[in-house]
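The following questions and answers are intended for a reader who is meeting this structure for the first time. Please look over the sequence and the model before reading on.

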Amino acid sequence: MRWTQTFIPTLKETPADAEIVSHQLLLRAGLVRKLTGGLYTFLPMGLRALTKVATIVREEMDRAGGIEVSMPLLQPTDIWHASGRYEAMRDNLYKVKDRAQKEWALCPTAEEVITTLAANEFSSYKQFPKNFYQVGTKFRDEIRPRFGLMRAKEFLMKDAYSFDTTDAGAMASYQKMYDAYTRIFARCGLRAFAVEADTGIIGGNHSHEFMIPAETGENDVVYCEACNYAANIEKAASGLPKTAPRDPGPAPEKFATPGVVTIEALAKDPYKVPANRQIKTLVFIADSKPVLILVRGDDQLNEAKFMAKTGAIDARPADAKNPADLVHFTALGAMPGSLGAVRNVPTGWKVLADERLRGANGMTTGANEDGFHLRDVSMDRDIQVTEWHDLRTVTAGEPCAKCAKPLKIRRAIEVGHVFKLGTKYSVPLNATFLDEAGQRAPLVMGCYGIGVTRTLQAVIEQGNDKDGIIWPVSVAPYHVCITPLTVAADSPAMKLAEQLYAELTQAGLEVIIDDRDERPGVKFKDSELVGFPIRIGLGEKSLAKGEVEIKPRCGALRSVKTEDAAADVIAWVKAEKAKLA
């Protein structure tokens, strides 16, 4: 390929709306162009790299026993209602109506579609296990598209779905996908690691996310360097002890706290109640019903844990300024800052408490009367807890639950997610089979997603420097950029460029000749910006000495005899490929 025959619109300046380095480089290197928020056109260099990522994904899915299919992008919403996910996903679904006013959804994921296929096509245990996958476009109505391809309205995704007849079989399928993901990200040159994760609205009871360390990531990952424990902050737990025990003491005593509505204010003079001896009371609206949540005063509620533990589809903090929510505070008898669960809890309200409060005595909480608190509160004696859960957010420095060493937290980009779904979809969508005894049972499922476009950008986010992108050879648009400094057809530089091009392509390398009539500095800078793994410079001075200049993207410039150049570059690319195999 010649540079002048393709389209690589590089930019000298960083676009103002590009927030992170990988987004900036996608635009500056001419890989994509923005149509509008969350929608991008892939240009030739970007499409070549994206296709290579998708090819690696397909190869590893096939290697793991996956069967490729292609499912409709337009889905009937009745199957979403049948699975029970329509309400949970309604804000993310792009919904359209046809001429008959029937509602349809643009595919955000395909659990309902593939489960419907399984329900219609399979009947006997002898037909399993099966694992279907596709690489295709997905649509999600992101409230705030940002970071380029990281959070887009339209994106390329690999989604796979396994079907087994037993829980043990489902775990074996899960492990195959877990191992395949490990290989996929390694082949893409990514330093990925798996963390325990919340299953969210996808569902199931077992899940791992594959993360790429990056300060610009949208996820916080809790990890232990000593024992390799790692979990998303939404799932992470630590080994912190429960609240220190005390004697139950006397019955709760009400005392005046005029104007005191925060944990910090109650900890100061004249009250001096430490945060760890306070009970923080929160009112949430979960699936339209009010819930009281209790956590220790020095802890923060983890909303994702709350939703996962309770199975809530929609949850939010109650707002005292919202007339619809004010009625709940009126029922309790107080406004935020004076709330508690000892008295005046309306009948039918659930009271959820964090595990660190279990068995705690001598605590202080709101009296459900504005301007008053209660001291000497016992969790067991004075509060009727409906459910106990781990509801708090882990912080750095807390002891690891497995080995007691200090936990650390870092930012990361999620590029893949694997779920063990169980029968969440097979039961409502009637995907069953006849077992050996002739009894009908629901299929046990797993689902596995990789953001292909997100993975591409993650490669750039992890591999870059001040000059541009640093591609691994496995996903680089071209392996080699030949850069003749004189581009006249009959010049020695262009003749050698054509000769090297033929030798390298014959050896299976992907090569581009920068045949633009530009200054050497412009051509070299563009080569660095686009990130071709290795460049061959052909200048008059070097050629006069019978040499060419070879420059790996992250290596030193070196001179090589003209007759050795092709073999040198072939060996280098082969060695780089071997590192990623």
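**The surroundings of H208**

Q: Which residues does H208 touch, not counting residues up to four places away in sequence?
A: In this predicted model, residues up to four places away in sequence are left aside when the neighbours of H208 are listed. The residues that H208 touches are then Y174, Y178, V195, E196, A197, G416, H417 and V418.

Q: In which strand is H208 found, and is H208 buried or exposed?
A: The strand that holds H208 spans residues 206-213 and is β10. A residue counts as buried when its relative accessible area is under 20%. The value for H208 is 14%, so H208 is buried.

Q: How many Å apart in space are H208 and Y161, C-alpha to C-alpha?
A: H208 and Y161 are 47 residues apart in sequence. In space, their C-alpha atoms are separated by 15 Å.

**The chain as a whole**

Q: How many helices and strands are there in the chain?
A: The chain contains both kinds of element, helices and strands. The counts are 15 helices and 31 strands.

Q: What share of the residues in the chain is buried?
A: The chain has 581 residues, and its C-alpha atoms fill a box of roughly 100 × 70 × 50 Å along the principal axes. The accessible surface comes to about 25,700 Å², with 52% of this belonging to carbon and sulfur atoms. Of the residues, the buried share is 50%.

Q: Among contacts between residues at least 6 apart in sequence, what percentage joins residues at least 24 apart?
A: The contacts considered here are those in the chain between residues at least 6 apart in sequence. The part of them that joins residues at least 24 apart is 69%.

Q: How far apart do the centres of the positive and negative side chains lie?
A: The chain has 74 positive side chains and 74 negative ones. The centres of these two sets are separated by 1 Å.

**Helix α6**

Q: What distance separates the end C-alpha atoms of α6?
A: Helix α6 covers residues 167-187, which is 21 residues. At 1.5 Å a residue, α6 should span 30 Å. The distance in the model agrees with this, because the end C-alpha atoms are 30 Å apart.

Q: What arc do the buried residues of α6 cover around the axis?
A: The buried residues of α6 are G169, A170, S173, Y174, M177, A180, Y181, I184 and F185. They lie on the same side of α6, because the arc they cover around the axis is only 140°.

Q: Which residue just after α6 takes a positive phi?
A: The phi angle in question is about 80°. The residue that takes this value just after α6 is G189.

**Helix α15**

Q: Which residues are exposed on the other side of α15?
A: The buried residues of α15 are A565, A566, V569, W572, V573 and L580. They cover an arc of only 135° around the axis, which puts them on the same side of α15. On the other side of α15, the exposed residues are A567, K574 and A578.

Q: Which elements are included in what covers the buried residues of α15?
A: The cover includes helices as well as strands. Its helices include α6 and α12, and its strands include β27, β29, β30 and β31.

**Helix α9**

Q: Which strands do the buried residues of α9 pack against?
A: The buried residues of α9 are D325, H328, F329 and L332. Their arc around the axis is only 95°, so they lie on the same side of α9. On the other side, P323, A324 and T330 are exposed. The buried residues pack against β14, β15 and β16.

**Backbone features in loops**

Q: Which residue does a cis peptide bond join to D269?
A: The omega angle of this bond is about 0°.

Q: Is K272 buried or exposed?
A: K272 lies in the loop between α7 and β14. K272 has a positive phi of about 55° although it is not a glycine. Its relative accessible area is 57%, and exposed means over 50%. Therefore K272 is exposed.

Conventions: Residues are numbered from 1 along each chain as its sequence is written. Side-chain values use heavy atoms; hydrogens and water are left out. Helices (H or I, at least four residues) and strands (E, at least two) are DSSP runs, numbered from the N terminus. Buried means under 20% relative accessible area, exposed over 50%, partly exposed in between (1.4 Å probe, protein chains only). Contact means heavy atoms within 4.5 Å. Accessible areas come from the Shrake-Rupley method with a 1.4 Å probe; for residues, only the protein chains shown count as cover. Lys and Arg count as positive and Asp and Glu as negative; His and the chain ends are not counted. The place of a charge is taken as NZ of Lys, CZ of Arg, CG of Asp or CD of Glu. The expected span of a helix is 1.5 Å times one less than its number of residues. The arc is that of the directions from the helix axis to the C-beta atoms.
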